[in-house]
There are 2 protein chains.
Amino acid sequence: MKAKIYINYKDGILDPEGVTVSKALNSIGIKGIENLAVGKCIEMELDCNSTEEAKKIIIESCDKLLANPNTEIYNFEILKDK
Amino acid sequence: MKAKIYINYKDGILDPEGVTVSKALNSIGIKGIENLAVGKCIEMELDCNSTEEAKKIIIESCDKLLANPNTEIYNFEILKDK
């Protein structure tokens, strides 16, 4: 089973990489970008039989390690086609 | 117009963050993860009128700054509901 996890900063939390990339794009002449945020996308291949089991592994991984509960939010999708 | 850009390592390129996170999850007792890759997800708000214009800005941004053409691949989706 495959899963994709998206981790982003919460609203109101400064995204330093986003600010830097935004300025850099502007400085090389690329216009038209109003807002930019940089997040993480984690792709997992899971060895489990049910969506519930996959969900459990993903939530445990995010809560215990991947996402900072103070500053970040995560969401995920489970793709069954392994 | 909103867009999401996903940047990942090419097949065969070592993903050091992925390897580290994988080991760390295993070491805190989370089992069942066979494979893990960490990529970037960039969300952009674009000030443009057509999908073609948005596409041009995204491809230029990726080719000139965001993605390393030697080691990374990118793909994107354009969401019209601003």
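**View 1. The bridge partner of A:Ile33 in strand S2 of chain B is B:Leu46.** In this predicted model, S2(A) and S2(B), the latter spanning residues 33-46, pair in the antiparallel sense over 13 bridges. Strands (E, at least two residues) and helices (H or I, at least four) are DSSP runs numbered from the N terminus, and two strands pair if DSSP finds at least two bridges between them.

**View 2. Chain A and chain B meet through 32 residues of chain A and 32 residues of chain B.** Contact here means heavy atoms within 4.5 Å. The area buried between the two chains is about 2,700 Å², with carbon and sulfur atoms giving 60%; buried area is the accessible area (1.4 Å probe) that two parts lose on being put together, summed over both.

**View 3. B:Glu17 forms a salt bridge with A:Lys40, the closest N and O atoms being 4.0 Å apart.** The rule, which asks for a side-chain nitrogen of Lys or Arg within 4 Å of a carboxyl oxygen of Asp or Glu, finds two salt bridges across this interface. On the side of chain A that touches chain B, the elements giving two or more residues are S1 (2-9), H1 (16-27), S2 (33-46) and H2 (51-66), and S2(A) gives the most, with 14 residues.

**Notes to all views.** Residues are numbered from 1 along each chain as its sequence is written, and chains are lettered from A in the order in which they are written. Local features need pLDDT of at least 70 and side-chain atom pairs 80 or more, whereas totals for chains, interfaces and linings use all residues, and side-chain values use heavy atoms, leaving out hydrogens and water.
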